[in-house]
Amino acid sequence: MSDSTLAASRSGLDGGAGQRALPGFGRARLPVDVPALEPATLDALAGELATLVGAQAVRRDQASRLSASTDWAHMSPVLEPLLPGGVADVVVRPPDAAGIASAVGAAHRHRVPVTVRGQGTGNYGQGIPLYGGLVIDTSAAARILSVEDGWLTAEAGASFVLMEKAAAAAGQELAILPSTVGSTIGGFIAGGSGGTGSIANGAIWDGYLRSLLVVPCTDDATPVAVPYPENSAHAHAFGVCGVLATATVALRPARRWTGLFTSFPALSGAVAAGEELFDLEPTPRLLSLDEAGIVATYRPLDATALPPDRVSLRGIVTEDSVDAAAEVVRRHGGRVDAVRPRGPAHITSLSYNHTTYRVRKLRPELTHLQCMGPGLTRRRDEVAAIAPESLLHLEGFLTAHGRDWVSMLFLRYDGNDDLYARMERLADVEVHVDDPHTWELHHGRLDAVRAAAARFDPDGLLNPGKLPPADVPT
Ligand SMILES: Cc1cc2nc3c(=O)[nH]c(=O)nc-3n(C[C@H](O)[C@H](O)[C@H](O)COP(=O)(O)OP(=O)(O)OC[C@H]3O[C@@H](n4cnc5c(N)ncnc54)[C@H](O)[C@@H]3O)c2cc1C
């Protein structure tokens with residue numbers, strides 16, 4: 001990227017159609033009038049960081065700045081034309097949680113915006129430093145600090161692979177983990193919502209977080225322990241209300257899981273079987289359903305476990321509940337295609353936004369919507385009338401009203417106006433869309449996020465551009 005492009009990304013680029021504010025949707029906007037940061041300020045910050053956490057942890061070269069400024073927003077055809085959106089001026093990779101806090105304090109003393117980054121797998125652009133400034137890469141602060149009965153404490157940069165291993169050594173497993181198992185606990189809490197285990201344990205704000213050590217963006221940046229339920233404000237808040245230094249998250253007793261691959265001739269039987277499996281004992285760890293058109297995109301082709309012309313229902317179930325699950329499948333007109341002890345990893349890699357990644361690789365003309373609501377399964381024909389040639393992916397999830405499906409609906413992308421118009425129409429058939437094509441926070445807990453931001457980020461330096469002002473309707 002040339003310096004002039006860097007400058008353009010700082011001062012606000014032309015936003016393309018994604019900047020249009022349509023009712024309820026499409027709020028991803030590039031900031032305009034981003035104040036320029038003085039080179040002398042950045043030099044002073046970089047020097048101070050080198051003193052605090054070591055010169056080798058501080059980067060200012062273009063490659064490091066760019067790679068610390070991207071995430072998986074390119075999966076969205078709405079966001080992709082707006083990227084890179086913003087580029088870090090300085091990148092620091094502290095070795096531990098204390099170093100994360102030191103870096104936050106230094107940025108505050110120099111009044112430089114701070115965006116924190118785990119592994120950069122967030123897919124809404126929530127990790128992009130729209131205002132430049134400092135990116136704190138937490139991936140080296142990755143120690144597991146303790147494993148107790150029911151709880152694991154780790155530094156923000158610990159990966160799920162590491163945490164599952166540590167939990168397994170104590171006969172336990174994580175209550176919830178995303179399909180991106182290489183991502184970090186800090187990034188998942190700040191940028192994700194649920195995944196494997198959510199069919200039994202709900203979303204990350206449903207009791208998963210016993211305690212968070214949150215660094216306020218102030219001069220002394222002394223971390224504060226925030227217990228549950230107060231810490232729910234920090235979940236899926238994109239790091240705008242404090243930087244997570246460590247997290248204590250829920251474990252469950254380990255079980256012997258296996259992978260169950262089943263298929264059906266039609267959606268209705270698979271949905272009915274899946275809904276009965278919501279109550280299987282013990283609850284599956286993951287339960288995913290795909291219409292045939294999605295299965296056909298899964299590569300490499302595994303026609304035994306995933307016949308491409310049938311609806312696929314897959315479960316991570318305990319070894320001793322396989323027979324009961326198979327009986328449910330057969331009773332609803334399905335068949336068991338494979339039971340694989342090593343299947344859970346494969347099934348995980350076909351869940352949540354891994355499906356989006358795989359579908360778009362083969363069918364780039366499609367885009368994804370995150371949806372919920374009875375219309376998805378009960379009014380599928382009407383959904384198809386609004387979104388012709390659409391394809392449905394479902395995940396079992398413990399919601400506020402019990403176990404239900406959450407969905408990824410794939411539909412043809414014919415520009416933003418067309419996409420947002422179809423999103424509006426889906427509400428008429430009882431499908432609620434949670435727009436995945438914006439980096440602005442828009443969930444129902446924004447008042448709590450704003451209150452936490454006022455406490456932990458009084459000067460508005462944390463990940464600016466992601467928390468809409470209070471007067472913007474959400
Ligand atoms: C293929 C694919 C599959 C996915 N599957 C799932 C899934 O199953 N479930 C799910 O919920 N999400 C999923 N995601 C989204 C994302 O991968 C997860 O939320 C992931 O856990 C984010 O972790 P990360 O380390 O990559 O965070 P990043 O992308 O680096 O950061 C995410 C957000 O958190 C902020 N942040 C990071 N660390 C901190 C910190 N220490 N303190 C404060 N703020 C911080 C960042 O600023 C950013 O806003 C998926 C994405 C892709 C591309």
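Buried area, as I use the term here, is the accessible area (1.4 Å probe) that two parts lose on being put together, summed over both.

I note that this is a predicted model, in which local features need pLDDT of at least 70 and side-chain atom pairs count only at pLDDT 80 or more, while totals for chains, interfaces and linings use all residues. Residues are numbered from 1 along each chain as its sequence is written, and side-chain values use heavy atoms, with hydrogens and water left out.

Entry one, the domains. I looked up the domain assignment, whose bounds come from an automatic or database source, and found domain 1 (3-137), domain 2 (144-254) and domain 3 (257-434). Between domain 2 and domain 3 I read about 1300 Å² of buried area, with 59% of it on carbon and sulfur atoms. Ser179, Thr196 and Ile199 supply 52% of the area that domain 2 buries against domain 3, more than any other three residues. I also noted that 17 residues of domain 2 are in contact (heavy atoms within 4.5 Å) with 15 residues of domain 3, and that the C-alpha centres of the two domains lie 27 Å apart.

Entry two, a helix pair. I then turned to helix H2 (residues 39-53) and helix H4 (residues 97-109), which pack at an angle of about 155° with their axes 10 Å apart; axes are lines fitted to C-alpha atoms over the stretch in contact, and angles run from 0 to 180 degrees between N-to-C directions. That makes H2 roughly antiparallel (an angle over 145 degrees) to H4. Among the residues that meet, I listed Leu45, Glu48 and Leu49 in H2 and Gly99, Ser102 and Arg109 in H4.

Terms used. Helices (H or I, at least four residues) and strands (E, at least two) are DSSP runs, numbered from the N terminus. Angles under 35 degrees count as roughly parallel, over 145 as roughly antiparallel, 65 to 115 as roughly perpendicular and the rest as oblique.
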